[in-house]
Amino acid sequence: MPNEHETVGAYALGILDDAEATAFEAHLATCEWCAQQLDELAGMEPMLAALADLPGAGTPAVGESLSAKPSPRVVEKLIDEVAERRARKRRRNFYMVAAAGALIVSGPFVAVATTGGDGGGGGGGGGANQTLAANPAKEAFDRTSDKISATDPGTRVSATVAMEEKAWGTGTVLELKNVTGPQKCSLIAVGKNGERETVTSWSVPDWGYGLPDAKTDKAKQPLYVQGGAAFEPNEIDHFQVMTFDGKLLVEVDA
């Protein structure tokens, strides 16, 4: 009998006898690899249906089974096709992750939190410090001298906006504190002419940012998020931090 791992293709095609199928099903219950292979093969019914059109797949002779049973060579081709599809999927996922990483590192409109990883707790201070040191948004905030701050008396959310004149408009870095989650927010620049531009947006996780009484280091750390506006600095009247459902969290005069 062939290796049990090599039987998955034949099982998916239904060409095992009862004893072989029962033995493979017992193996399948404890083998994650075979379960994944079987899941891939389960989506290939159109290819299996096309086997009826292969040369030699005509009307069966008297006494032959009416259900076509592909040869082992056909089974191998099907499994090879699955492997190639999975390889293409892995390559595509890798390129997508790489592109996302490039945006996080270089884009001007990217939110970068200074907290540690999701699994960090109260004892994860060292990881938080490492993230702070490597945070480009925090570094840009620290080196920018033109900063304006405000705290909303109702929401108690505090915001500091660092502005820097650029050839294309105004570069900004927002430091946000005392904001709870979960919620989605935007930084909006309001021009002296009344026009509004969304500078950047981000999502606040359950634990929040910049909460002084929080139990974890990552929740105590502020959020730093970079963005940009087409306005020149002297054209901006004020900034607003708004939730996606229209609630004003804090307003900062420019």
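The questions and answers below concern the predicted model shown above.

Me: How many helices and strands does the secondary structure of the protein come to?
Reply: The protein has 254 residues, of which 37% are buried. Its secondary structure contains both helices and strands, and the totals are 8 helices and 9 strands.

Me: What is the mean pLDDT of the protein, and which stretches stay under 50?
Reply: Confidence is reported by pLDDT, and 59% of the residues reach 70 or more. Residues 56-70 stay under 50, and the model gives them 9 contacts beyond four places in sequence. Residues 99-133 are also below 50, with 56 contacts beyond near neighbours in sequence. Where pLDDT is low, the predicted coordinates should not be read in detail; for the protein, the mean pLDDT is 74.

Me: Which residues of the largest nonpolar core touch the most other members?
Reply: This core has 26 residues. Another core, of 8 residues, lies apart from it and includes V8, L16, C31 and C34. In the largest core, the residues that touch the most other members are L174, L176, W202, F239 and V241.

Me: Which strands stand at the edges of the open sheet, and why is one side of each left without a neighbour?
Reply: The open sheet has 4 strands in the order β6-β5-β8-β9, with antiparallel pairing. An edge strand has a single partner, so one side of it has no neighbour in the sheet. From one strand to the next the twist averages 15°. The strands at the edges are β6 and β9.

Me: What is the bridge partner of L187 in β8?
Reply: The strands β5 and β8 pair in the antiparallel sense, over 7 bridges. In β8, the residue bridged to L187 is V241.

Me: Is β7 largely enclosed or left open by the rest of the structure?
Reply: On one side of β7, L223, V225, G227 and A229 are buried, and on the other Y224, Q226 and G228 are buried as well. The strand is also joined to β4 by 7 bridges and runs antiparallel to it; L174 has V225 as its bridge partner. Because 7 of the 7 residues of β7 are buried, the strand is largely enclosed.

Me: Within what arc do the buried residues of helix α2 fall?
Reply: The helix α2 covers residues 18-28, and its buried residues are A21, F24, H27 and L28. An α-helix has 3.6 residues a turn, so residues three or four places apart point the same way. The face turned away from the buried side carries the exposed residues D18, A19, T22 and A26. Seen down the axis of α2, the buried residues line one face, so they fall within an arc of 120°.

Me: Is E164 buried, partly exposed or exposed?
Reply: E164 lies in strand β3, which covers residues 158-166. Beyond its neighbours within four places in sequence, E164 is in contact with T144, G169, T170 and G171. Its relative accessible area is 37%, which falls between the limits of 20% for buried and 50% for exposed. Therefore E164 is partly exposed.

Me: How far apart in space are E164 and A140?
Reply: In sequence, E164 and A140 are 24 residues apart. Their distance in space, C-alpha to C-alpha, is 9.8 Å.

How values were computed. Residues numbered from 1 in each chain as written. Predicted model: local features only at pLDDT ≥ 70, side-chain atom pairs only at ≥ 80, totals over all residues. Heavy atoms only, no water. pLDDT = per-residue confidence, 0-100. Contact = heavy atoms within 4.5 Å. Helix = DSSP H or I, 4+ residues; strand = E, 2+ residues; numbered from the N terminus. Buried < 20%, exposed > 50% of the residue type's maximum accessible area, 1.4 Å probe, protein only. Core = buried A, V, L, I, M, F, W, Y, C linked by side-chain atoms within 4.5 Å. Pairing = 2+ DSSP bridges. Axes fitted to C-alpha atoms, helices over the stretch in contact; angles between N-to-C directions. Arc of directions from axis to C-beta.
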